[in-house]
Amino acid sequence: KKNRKKPHIFLPHLVASLEKVDKSYIMVKPDGVQRGLVGEIISRFEKKGFKLTGLKLFQCPKELAEEHYKDLKSKPFFPKLIDYITSGPVVCMAWEGVGVVASARKLIGATNPLQAEPGTIRGDLAVQTGRNVVHGSDSPENGEREIALWFKEGEICEWSPAQAPC
Ligand code: ADP
């Protein structure tokens, strides 16, 4: 009698509020821009329910591409990767929300688009690892680092949804 279990109360709104709001740097790569996939890619993050706080079309200089991908410097494909990212404008985005880093990785799919699940961005829209249309930060720490790297002060906007009580 003493060890009777507490009744299980499921309060999804409270569970969600306990999870952390984080930030992800998402980028439509040059092939995505050139193939007219910018709207489609933005739309997937909007529909999921994340908040866009930064957005710009940008021709990335070589030095910035090298800094962004510095952990991959020793990889044989590194020079090709830098050529790819600097081959035309990219669309830089900062997205915010509960679990956005992990969720964006799921929405984007595996690095190799042929291994990415149908329904993911890469699974639906790409075929080559070297042309995989979109980037998403791989940790909340890298989300913060990459947003600071790609955006200047004043380019990130904080805002509240219109549905919030006014
Ligand atoms: P992800 O972008 O899925 O986080 P990585 O961080 O491993 O993947 O790699 C960064 C990017 O480098 C990939 O998105 C892809 O554009 C490129 N890349 C990774 N592996 C290869 C490869 N074997 N050949 C060519 N490009 C690659």
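This is a short walk through the structure, one selection at a time.

Before you click anything, note that this is a predicted model, where local features need pLDDT of at least 70, side-chain atom pairs count only at pLDDT 80 or more, and totals for chains, interfaces and linings use all residues. Residues are numbered from 1 along each chain as its sequence is written, and side-chain values use heavy atoms, with hydrogens and water left out.

**Stop 1: the sheet.** Switch to cartoon and pick out the four strands, which form an open antiparallel sheet in the order β2-β3-β1-β4. Helices (H or I, at least four residues) and strands (E, at least two) are DSSP runs, numbered from the N terminus. Two strands pair if DSSP finds at least two bridges between them. At the edges sit β2 (51-58) and β4, each pairing on one side only. Going from one strand to the next, the twist averages 15°.

Now bring in helix α3 (residues 38-48), which packs on the sheet and touches β1, β2, β3 and β4. Its direction makes about 10° with that of β3. Contact here means heavy atoms within 4.5 Å; axes are lines fitted to C-alpha atoms, for helices over the stretch in contact, and angles run from 0 to 180 degrees between N-to-C directions.

**Stop 2: strand β1.** Select residues 21-28. Six of the eight residues of β1 are buried, so the strand is largely enclosed by the rest of the structure. Buried means under 20% relative accessible area, exposed over 50%, and partly exposed in between (1.4 Å probe, protein chains only). On one pairing, eight bridges join β1 to antiparallel β3 (residues 90-98); show Y25 and you'll find A94 of β3 opposite. Three bridges join β1 to β4 (residues 134-136), again antiparallel, and here I26 stands opposite G136.

**Stop 3: S139.** Move on to the loop between β4 and α8, where S139 has its place. Is S139 buried or exposed? It is buried, with a relative accessible area of 16%. A polar atom of the S139 side chain lies 3.0 Å from the backbone nitrogen of N142. That is a polar contact: a pair of N or O atoms within 3.5 Å, where within protein one must be able to donate a hydrogen and the other to accept it, and residues adjacent in sequence count only if both atoms are side-chain atoms.

**Stop 4: W159.** Look in the segment after α8 (140-150) for W159. This tryptophan is partly exposed, at 40% relative accessible area. W159 touches K51, L52 and T53, leaving aside residues up to four places away in sequence. Zoom in on L52: its backbone oxygen is 2.7 Å from a polar atom of the W159 side chain.

**Stop 5: the ligand.** Which side chains have an N or O atom 2.8 Å from a ligand oxygen? Those of R105 and N132 do. For K29, a polar side-chain atom lies 2.9 Å from a ligand oxygen. Taken alone the ligand exposes 530 Å², and the protein buries 71% of that, with areas from the Shrake-Rupley method using a 1.4 Å probe; for residues, only the protein chains shown count as cover.
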